[in-house]
Amino acid sequence: MKRLCLVSVSDKTGVVPLVQELKALGFEVLSTGGTAALLRSSGLEVTDIASWTGSPEILGGRVKTLHPKVFAGILANLEDPKHREELAHIGAEPIELVVVNLYPFQQVASNPAATPHEVIENIDIGGPSLLRAAAKNHARVTVVVDPQDYGLVLSHLKSNGGVPLSLRRTLALKAFRHTASYDAFIAGELPRFLDMPAPKLPAALAPWLSAEEEPLRYGENPHQWAVFARPRQATGFAGFRQLQGKELSYNNLMDADGAWSAVWDLPGAGVVIVKHANPCGAAVGENPEEAYRLAFSCDPVSAFGGVIAFSSPVDGPAAQAVAEQFAEVVLAPEFTPEALAVFAKKKNLRVLQTPRPTGGFPRLRVVDGGLLVQQADEGFPESFRVVTRRLPSEQEQEALDLAWRMVKHVASNAIVVANHRQTLGIGGGQPSRVDACRIAVSRAQAFGHALAGAVAASDAFFPFPDGVRVLAEAGITCIAQPGGSIRDDEVVQVADELGVSMVFTGRRHFRH
């Protein structure tokens with residue numbers, strides 16, 4: 001029986017060598033449009049789908065492969081005599097291999113200059129239909145949507161004469177995930193080209209529907225399963241490369257992501273240490289070692305077993321400082337050979353070389369029976385407005401900038417006490433804001449930090465002046481908060497009475 005392969009690709013990476021190998025294996029190749037032209041220009045003989053079906057491409061290429069002979073050739077069950085009889089009746093032949101990828105809708109839609117016409121013309125119709133048909137009939141047909149799978153498929157065809165069922169199943173599921181992601185991008189992006197409100201959920205889900213899953217040992221606890229899903233060409237934190245250390249856990253990844261986001265929010269090159277989803281120290285410094293030691297000194301007890309993120313390359317002295325304590329994970333954009341030599345002596349330490357955050361991804365959270373989707377809390381567009389008689393000094397303003405940038409990364413209710421170089425005390429995750437103030441102060445005092453002249457940031461408004469009193473009594477002289485309470489006037493009055501400078505940012509940073 002003649003071996004038929006259908007090849008119609010938008011991404012033409014590797015398609016010429018693929019077809020060369022298929023021809024050598026005895027396949028007759030059916031193709032369309034630009035793919036057929038490329039293959040012929042490379043000296044390869046292919047059969048146009050239009051000549052094979054006897055129906056020309058119509059509607060400017062909108063209808064090419066949507067033909068009963070094509071889909072019967074893909075979907076036929078050759079073990080069913082009636083299917084064979086019907087194939088023969090329409091003059092169709094079974095297609096063994098379908099190599100298809102889709103019009104670049106996402107790339108076109110992301111172009112600011114794209115027109116509605118261009119976007120609509122890049123909605124693939126025949127391609128997803130071919131993929132779904134081939135994936136449905138994976139018992140007989142091999143479907144290939146990813147050029148990176150060409151080599152694997154060819155190796156089986158060469159060594160075994162065919163593709164094993166296990167691989168056909170894997171490729172079929174990959175094709176279904178690919179079309180699901182493709183359709184989700186269309187559902188999320190097309191409305192804005194039609195002057196319609198864009199639904200949030202499809203766009204939020206689309207990037208992850210075709211992501212590759214990496215099984216983790218377990219989730220937050222040993223009785224919970226977990227996977228880490230990331231695109232093959234991952235960006236931001238997910239694009240990290242693990243240089244050494246034990247397998248990453250769910251909690252490692254959560255804390256590493258939190259630390260990586262936080263360290264790039266610092267006002268300068270620095271370090272953030274995270275433990276159980278909360279920063280326990282953050283600092284900027286003249287060099288990475290200094291920044292690390294300042295961050296660690298904020299709360300050296302909580303920093304034990306923490307995740308440490310550097311926003312500058314880690315050198316030998318910084319690595320040696322980290323090696324003096326027990327840490328779970330270290331992240332940085334780069335590590336010098338001297339740093340890696342130090343870390344190599346701690347074989348369990350996970351060392352991640354990590355690209356800068358990309359951001360922009362909506363945040364997803366499951367509730368019982370539903371899903372919450374929200375915009376990520378990124379950037380600092382707020383401007384400080386002084387609301388007290390006393391103005392912050394220049395050094396207090398620098399300290400407020402650091403404290404305010406860190407408080408958004410602490411679980412609410414959150415208070416961060418800091419100077420212009422480091423956090424001094426962090427109180428977070430409290431139902432009561434005044435208790436968060438007490439904790440921030442007590443943690444700073446427990447480790448000998450001088451609070452006279454320090455500043456504080458509150459992630460949300462003070463509902464009562466009691467928190468301001470706690471902070472002022474400890475020596476804090478300047479406070480940043482969003483404002484917005486019905487008691488703002490009373491809170492500001494108490495700050496004035498205590499000689500504390502206060503600024504309103506106009507932007508809340510709750511984190512739950």
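A: Ala277 lies in the loop between E9 and E10. His276 belongs to the loop between these strands, E9 (270–275) and E10 (278–284). Keep in mind that this is a predicted model.

Start with the backbone. Most residues other than glycine have a negative phi. His276 is not a glycine, yet its phi is positive, about 50 degrees. Ala277 is also a residue other than glycine, and its phi is positive, near 75 degrees.

Now look at accessibility. His276 has a relative accessible area of 65%, so it counts as exposed, the cut-off being over 50%. Ala277 has 34%, so it is partly exposed, between the limits of 20% and 50%.

Move on into strand E10, residues 278–284. Cys280 has a relative accessibility of 8%, so it counts as buried. Cys298 is in no disulfide. Cys298 is buried too, because its relative accessible area is 2%. By this rule, the disulfide count is 0.

Next, step back to the domains. The chain is divided into domain 1 (3–203), domain 2 (236–353) and domain 3 (385–504). The strands E9 (270–275) and E10 (278–284) have residue numbers inside the range of domain 2 (236–353). The C-alpha centres of domain 1 and domain 3 are 60 Å apart.

Domain 1 spans 3–203. Take the helix pair H1 (residues 15–24) and H9 (residues 150–160). Their axes are 11 Å apart, at an angle of about 10 degrees. An angle under 35 degrees counts as roughly parallel, so H1 is roughly parallel to H9. Val15, Leu18, Glu21 and Leu22 in H1 meet Tyr150, Leu154, Leu157 and Lys158 in H9. By class, this contact has 6 nonpolar, no polar and 2 charged residues.

Last, visit another loop. Most peptide bonds are trans. The bond joining Ser412 and Asn413 is cis, with omega about -15 degrees. Asn413 is found in the loop between helix H16 (394–407) and strand E17 (415–418).

Note on methods:
Residues numbered from 1 in each chain as written. Predicted model: local features only at pLDDT ≥ 70, side-chain atom pairs only at ≥ 80, totals over all residues. Heavy atoms only, no water. Axes fitted to C-alpha atoms, helices over the stretch in contact; angles between N-to-C directions. Helix = DSSP H or I, 4+ residues; strand = E, 2+ residues; numbered from the N terminus. Parallel < 35°, antiparallel > 145°, perpendicular 65-115°, else oblique. Contact = heavy atoms within 4.5 Å. Nonpolar A, V, L, I, M, F, W, Y, C, P; charged D, E, K, R; others polar. Disulfide = S-S within 2.5 Å. Buried < 20%, exposed > 50% of the residue type's maximum accessible area, 1.4 Å probe, protein only. Domains from an automatic or database assignment.
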